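Please look through the sequence and the 3D structure shown here before reading on. The paragraphs after it are meant to be read with the structure open.

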Amino acid sequence: MSTNAMKESKVDVLIIGAGPAGVMACNALAKNGVNVRVVDQRPIKVAAGQADGIQPRTIEVLQSYGLADRLLREGNQMHMAAFYNPSPKGGIELTDRVADVTSPTARYPFEVTPVTLHQGAIEAIFLDSMQGFGVEVDRPMVPTALQLSQDLRILEDPQSYPVQVTLRNTGTSDVQVDTEIVHAKFVIGADGAHSWVRKSLNIAMEGEQTDYIWGVVDFTPVTDFPDIRNRCAIHSNNGSCMIIPREGDLVRLYIQLGDKDFVDSSGRVDRSKVGPHQLLEVANRSLHPYSIETPESFHWWTIYIIGQRVASKFSVNERVFIVGDACHTHSPKAGLGMNASMNDSHNLAWKLTHVLRGWAGFPLLKTYEFERRKFAQDLINFDKQFAKLFSGKPRTEHNQDGVSHEEFFKIFQTFGGFTSGIGIHYNSSIITNTSHQSYARNLTVGERMPPQKFLRAADYRPVELQDLLPSDARFKILVFAGDTSDAAQLSKVEVHAEELADLLEKLAPGPDIFSAFDILSISSAAKSNVRYNDLPKRLRSHWSKVLIDDDDVRGAPEVSRGNGCRNYGIATTGAIIIVRPDGYVGMTAALHEVKDVGNYLGSFMKAAE
């Protein structure tokens with residue numbers, strides 16, 4: 001068939017791979033109105049198995065897209081982590097039970113835990129949301145060629161189509177319709193650990209493969225083990241095991257396999273040498289004196305060797321990007337794989353949106369690799385410590401060189417902020433300016449905006465601040481205005497409001513500054529004195545965007561006078577907090593230093609023409 005007979009199409013963003021990272025990116029871009037397409041070589045979506053475990057920060061992110069309610073409704077919650085170690089009497093015994101997530105600022109204190117759903121269920125949440133934007137996954141489509149223009153004039157024009165991808169539809173035998181050439185402005189490779197996109201671009205994976213062999217099995221257990229519905233870390237003289245309770249009555253076991261007979265001559269795991277029954281036999285040896293009965297059937301199983309690698313780069317010319325397992329691989333036991341993958345996409349999507357809309361230039365896209373590759377390297381460093389301790393022999397009377405419970409527990413506690421996602425920190429860059437950190441002493445520039453309850457000034461309804469920071473590609477300007485019932489303070493606020501609005505008008509793409517920015521005003525005035533419409537109109541797009549930091553009318557303890565400013569470390573004179581579209585604090589400034597806000601936004605946003 002000649003090239004001229006092939007179907008050709010254009011798209012702003014082509015996503016290759018419809019796993020969690022791919023559908024996360026697609027949903028975010030579609031929500032922002034981007035012309036996006038996602039293809040996958042699998043004929044059907046994942047029904048079970050593979051990744052699971054949604055961590056607290058990821059739940060917050062999903063909430064910002066309006067998707068967390070279904071997740072919480074359908075998933076299983078883990079509140080407790082139990083630790084078992086060798087008993088002097090033989091077998092294992094309970095050593096400790098602690099909260100599974102220890103971060104004090106987790107959004108959902110009654111959750112404080114991952115929610116575990118299998119990967120197919122997670123993908124389904126995004127697929128259903130994408131349908132609402134008129135986007136579905138094209139299946140089964142296999143990419144066969146990728147060409148990226150080397151012409152600098154084309155590469156530097158954000159409205160050009162420098163990437164050409166050839167796709168083959170493997171679901172048809174009609175050679176006249178099975179091949180398509182897609183011309184894309186940008187391509188995202190979300191096609192997993194064996195990424196075709198990464199290999200096509202000759203991007204190397206840097207790192208190593210360990211000697212640790214693990215099996216995974218999902219099933220409905222019948223057992224006398226008392227902590228089967230809690231996350232468990234089990235160290236025994238017969239190997240290690242982790243228990244993850246899942247949706248319904250299902251449980252997932254991660255089982256350490258010390259026998260190299262499971263590996264073939266090339267160093268790869270040989271699945272023909274082991275099955276779920278053998279995995280359960282190994283688990284039962286680790287669980288003694290407890291046991292799990294052999295079920296009639298197993299829901300899903302696999303075996304793997306832990307690899308710990310990071311891609312040498314996450315993009316080529318800021319036109320082709322890789323996300324998720326395509327750019328970092330590690331052990332799954334800390335539950336970070338799918339979370340890291342989806343947060344790669346969350347970080348990238350708003351940046352692509354800004355460039356496609358003409359709001360920002362290519363330097364903004366460079367921050368994707370800067371931020372997420374550093375995170376991936378930190379993740380691998382943590383995983384090396386965690387995997388080594390988890391896979392190591394436990395310390396006993398006869399093995400003093402083994403891993404002690406204290407060592408393992410210290411890692412569990414020390415890295416709680418990291419494994420929950422709450423403590424992820426982005427270093428200084430054009431979108432993370434730490435120059436004026438002191439104006440909000442308890443906020444950390446480069447970390448996510450912590451949750452906080454305020455009252456709406458117009459109707460005194462308690463609201464969660466994070467719910468007013470949706471993932472809609474807009475920067476959120478939080479103006480902590482001080483006590484606006486004081487005439488002198490209100491007069492100052494009015495002056496600074498005009499300065500701020502004038503500044504934002506220069507950057508907004510049209511006369512409506514609220515198309516690119518949202519402004520929330522927070523007054524520390526008492527609810528008995530405040531009038532929401534006293535605040536300058538240019539500081540509020542809607543009556544619901546004026547808040548007060550005062551007691552709940554019903555006396556709810558989490559909504560009490562001054563809590564917000566106190567928790568954020570903001571002085572009575574006020575401050576301006578800039579929250580990036582992905583929910584991370586971009587900068588803080590004094591209320592009167594509006595020019596600092598202009599310098600920050602102007603460093604990467606294009607002035608309106």
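The model is a predicted one.

In soluble globular proteins, nonpolar side chains tend to be buried together. The largest nonpolar core here has 72 residues. Those that touch the most other members are V13, L14, I15, L29, V36, F186 and I188. Helix α1, residues 20–31, supplies the largest share of this core, with eight residues. There is also a second, separate core of 33 residues, and A360, I477, F517 and A589 are among its members.

Apart from neighbours within four places in sequence, its contacts include D12, V13, L14 and P158. Further along the chain, F186 is also in contact with E318, R319, F321, L352, V355, L356, F362 and L365.

The buried residues run from P20, A21, G22, V23, M24 and A25 to C26, N27, A28, L29 and A30. Just after α1, G33 has a positive phi of about 80°.

Strand β10, residues 179–189, contains G189. This glycine counts as buried because its relative accessibility is 0%, and buried means under 20%. Which residues does G189 touch, leaving out those up to four places away in sequence? They are I16, V197, F321, I322, V323 and A326. G189 and I15 are 174 residues apart in sequence, yet their C-alpha atoms are 6.1 Å apart in space.

Of the 15 residues that line it, R57, E60, S64, L469 and G583 are the closest to its centre. Helix α2, residues 56–64, gives the most to this lining, with five residues. Sorted by class, the lining has five nonpolar, six polar and four charged residues.

Two other residues can be set side by side. T302, in strand β15, is buried, with a relative accessible area of 16%. S435 sits in the loop between α11 and β19 and counts as exposed at 56% relative accessibility.

The last stop is the backbone. Most residues other than glycine have a negative phi, and most peptide bonds are trans. Where are the cis bonds described here? One runs from R139 to P140, with omega near -25°, and P140 lies in the loop between β7 and β8. Another joins H288 and P289, with omega about 15°; P289 lies in the loop between α7 and β15.

N317 has a positive phi near 55° without being a glycine. It is found in the loop between β16 and β17 and is partly exposed, at 35% relative accessible area. Y460, also not a glycine, has a positive phi of about 65°. Its place is in the loop between β19 and β20, and Y460 is partly exposed, at 27%.

Note on methods
Residues are numbered from 1 along each chain as its sequence is written. This is a predicted model: local features need pLDDT of at least 70, side-chain atom pairs count only at pLDDT 80 or more; totals for chains, interfaces and linings use all residues. Side-chain values use heavy atoms; hydrogens and water are left out. A nonpolar core is a set of buried Ala, Val, Leu, Ile, Met, Phe, Trp, Tyr and Cys residues joined through side-chain atoms within 4.5 Å. Buried means under 20% relative accessible area, exposed over 50%, partly exposed in between (1.4 Å probe, protein chains only). Helices (H or I, at least four residues) and strands (E, at least two) are DSSP runs, numbered from the N terminus. Contact means heavy atoms within 4.5 Å. On a 1 Å grid over the protein atoms alone, a cavity is a set of points where a 1.4 Å probe fits but cannot get out, and a pocket is an open set with protein on both sides within 12 Å along at least five of seven lines; lining residues have an atom within 4 Å of a point. Ala, Val, Leu, Ile, Met, Phe, Trp, Tyr, Cys and Pro count as nonpolar, Asp, Glu, Lys and Arg as charged, and the others, Gly among them, as polar.
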